[in-house]
Amino acid sequence: MPINVRVDGHVLRTRTHRTRVGEVLADLGVTVNGQDYTLPALDAALTEAESGDAMEIEVVRVNESVIVEQSPVPFDSVWQPDPDAEIDTTSLMQEGEPGVLERRIRLRYENGQV
C-alpha cells in the first residue's frame, strides 16, 4: 500500500504491508514525543484511498511556551472617619504601595503555528 507521511515540513513517500499508523512511523524512524499527535491516530488501521492515491499520514509537532505579562496596579486612597481626631484634620493610617498584576499566557504551537 502506498503511504505519504507529512512530518517536519517534509513528505516521506513509502510503501508498506503494515496494518497500523504507528507501525509505519516506527519503520520510518519517525518518533512521536510529548504532546505530538498523528492524523489519523497512531493506533488507527491503514486504509486504502478510494481513488487509488497514497494514504496520507500527518505528524503534528506540538510545542508550548509561557509568556509572563506584568502591569502595574495603582493603590487607592481610603478615607475613614476617626472619632479621636480633631475636626478637619487628616492622618496617614497606612501607606499604600503600587502592586503588580502578573498574567501567564500559555501559547500552544502546532507545526509552528500558534
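Mentor: Helices (H or I, at least four residues) and strands (E, at least two) are DSSP runs, numbered from the N terminus. This is a predicted model, where local features need pLDDT of at least 70 and side-chain atom pairs count only at pLDDT 80 or more, while totals for chains, interfaces and linings use all residues. Residues are numbered from 1 along each chain as its sequence is written, and side-chain values use heavy atoms, with hydrogens and water left out.

Trainee: What is the order of the 4 strands in the open sheet?

Mentor: Two strands pair if DSSP finds at least two bridges between them. Pairing in this open sheet is mixed, and the order is S2-S1-S4-S3.

Trainee: Which strands stand at the edges?

Mentor: An edge strand here has a single partner strand, so one side of it is left without a neighbour in the sheet. The edge strands are S2 (10–15) and S3 (37–39).

Trainee: Which residue in S4 stands opposite Val 5?

Mentor: S1 (residues 2–7) and S4 (residues 55–60) run parallel and are joined by 4 bridges. Opposite Val 5 stands Ile 57.

Trainee: Which strands do the buried residues of H1 pack against?

Mentor: The buried residues (under 20% relative accessible area, 1.4 Å probe, protein chains only) of H1 are Val 21, Val 24 and Leu 25. They cover an arc of only 95 degrees around the axis (taken from the directions from the helix axis to the C-beta atoms), which puts them on the same side of H1. With contact meaning heavy atoms within 4.5 Å, the buried residues of H1 pack against S1, S3 and S4.

Trainee: Which residue follows H1?

Mentor: The residue has a positive phi, near 80 degrees. The residue after H1 is Gly 29.

Conventions: Buried means under 20% relative accessible area, exposed over 50%, partly exposed in between (1.4 Å probe, protein chains only).
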